[in-house]
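Here is a short tour for a reader who is new to this structure. Take a look at the sequence and the model before reading on.

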Amino acid sequence: MSIKPAQGRTWKCYFCGSEIVEGQRFTFTSRGPIHWGCFRVEVANAFNNRIPEDIEVLLELVDYLNEGIVKIKEGEYRVNGDLQQSLINRRKMLEAEAAKLMKELSTLAQSKYNVAI
Ligand SMILES: [Zn+2]
């Protein structure tokens with residue numbers, strides 16, 4: 001997901017402590033904002049480096065959506081008017097889908113593996 005921080009506000013990744021800058025892939029968990037790369041490490045740690053296949057498939061899917069979100073955002077800066085608005089709408093659809101997947105991922109990890117991510 002890449003919802004823009006409120007004006008003048010920056011987000012800090014709770015995992016590595018550094019700032020999340022525009023153009024970086026990131027997501028939200030119940031613990032707050034986190035870089036996508038940091039989240040992958042957090043999940044690997046939670047599963048002792050043996051990520052189950054169903055969790056991995058969901059991670060790859062969110063990864064793919066996040067990449068799309070960043071790509072669309074780049075496009076938003078290059079156009080204006082109706083096309084820009086339609087890109088924003090599409091990005092919001094992907095953000096909503098990515099948020100749903102993150103929830104599913106967390107629920108699956110908790111219910112099937114008793115792992116909190
Ligand atoms: Zn980080």
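Is Cys 16 buried, partly exposed or exposed? At 41% relative accessibility, Cys 16 counts as partly exposed. Keep in mind that this is a predicted model.

## The zinc site

Cys 16 is one of the protein donors of the zinc ion. The donors are Cys 13 (SG), Cys 16 (SG), His 35 (ND1) and Cys 38 (SG). They lie 2.0 to 2.4 Å from the zinc ion. The four donor atoms make angles of 102 to 115 degrees, and the site is tetrahedral. Along the sequence, the donor residues follow the spacing C-x2-C-x18-H-x2-C.

Cys 16 sits in the loop between β1 (11–12) and β2, while Cys 38 sits in helix α1, so the pair ties together parts that are 22 residues apart in sequence. Their surroundings can be set side by side. Cys 16 is partly exposed, whereas Cys 38, at 13% relative accessibility, counts as buried.

## The fold at a glance

The protein chain has three helices and four strands. Read from the N terminus, the order is β-β-β-β-α-α-α. The radius of gyration is 15 Å, close to the 13 Å that the globule rule gives for 117 residues, so the chain is as compact as a globular protein of that length.

The C-alpha trace spans about 45 × 25 × 20 Å along its principal axes. Of the 117 residues in the protein chain, 38% are buried. Take the contacts between residues at least 6 apart in sequence: 49% of them join residues at least 24 apart. The chain exposes about 7200 Å², and carbon and sulfur atoms supply 52% of that area.

## Salt bridges from loop to helix

How many salt bridges are there? The count comes to nine. One of them joins the side chains of Asp 63 and Arg 25, at 2.6 Å from N to O. Asp 63 belongs to helix α2 (residues 53–76) and Arg 25 to the loop between β2 (19–20) and β3 (26–29), so this pair ties together parts that are 38 residues apart in sequence. Arg 25 has 32% relative accessibility and counts as partly exposed.

Another salt bridge pairs Arg 31 with Glu 42, and their closest N and O atoms are 2.5 Å apart. Arg 31 is in the loop between β3 and β4 (32–35) and Glu 42 is in helix α1 (residues 36–46), so the pair ties together parts that are eleven residues apart in sequence. The two partners contrast in accessibility. Arg 31 is exposed, with a relative accessible area of 58%. Glu 42 is buried, at 9%.

## From helix to helix, and a network

Arg 40 and Glu 56 also meet through their side chains in a salt bridge, at 2.9 Å from N to O. This pair links distant parts of the chain: Arg 40 is in helix α1, Glu 56 is in helix α2, and they are 16 residues apart. Arg 40 counts as partly exposed at 22% relative accessibility. Glu 56 has a relative accessible area of 18% and is buried, since the cut-off for buried is under 20%.

Which residues do shared partners join into one network? They are Arg 25, Asp 63 and Glu 67.

Definitions and conventions: Residues are numbered from 1 along each chain as its sequence is written. This is a predicted model: local features need pLDDT of at least 70, side-chain atom pairs count only at pLDDT 80 or more; totals for chains, interfaces and linings use all residues. Side-chain values use heavy atoms; hydrogens and water are left out. A salt bridge is a side-chain nitrogen of Lys or Arg within 4 Å of a carboxyl oxygen of Asp or Glu. Helices (H or I, at least four residues) and strands (E, at least two) are DSSP runs, numbered from the N terminus. Buried means under 20% relative accessible area, exposed over 50%, partly exposed in between (1.4 Å probe, protein chains only). Donors are N, O and S atoms within 2.8 Å of the metal (3.2 Å for Na, K and Ca); water is not among the atoms, so sites may look incomplete. Four donors count as tetrahedral if all angles lie between 85 and 135 degrees; four count as square planar and six as octahedral if opposite donors are over 155 degrees apart and all others between 65 and 115; anything else is irregular. The radius of gyration is taken over C-alpha atoms; the globule rule is 2.2 Å times the number of residues to the power 0.38. Contact means heavy atoms within 4.5 Å. Accessible areas come from the Shrake-Rupley method with a 1.4 Å probe; for residues, only the protein chains shown count as cover.
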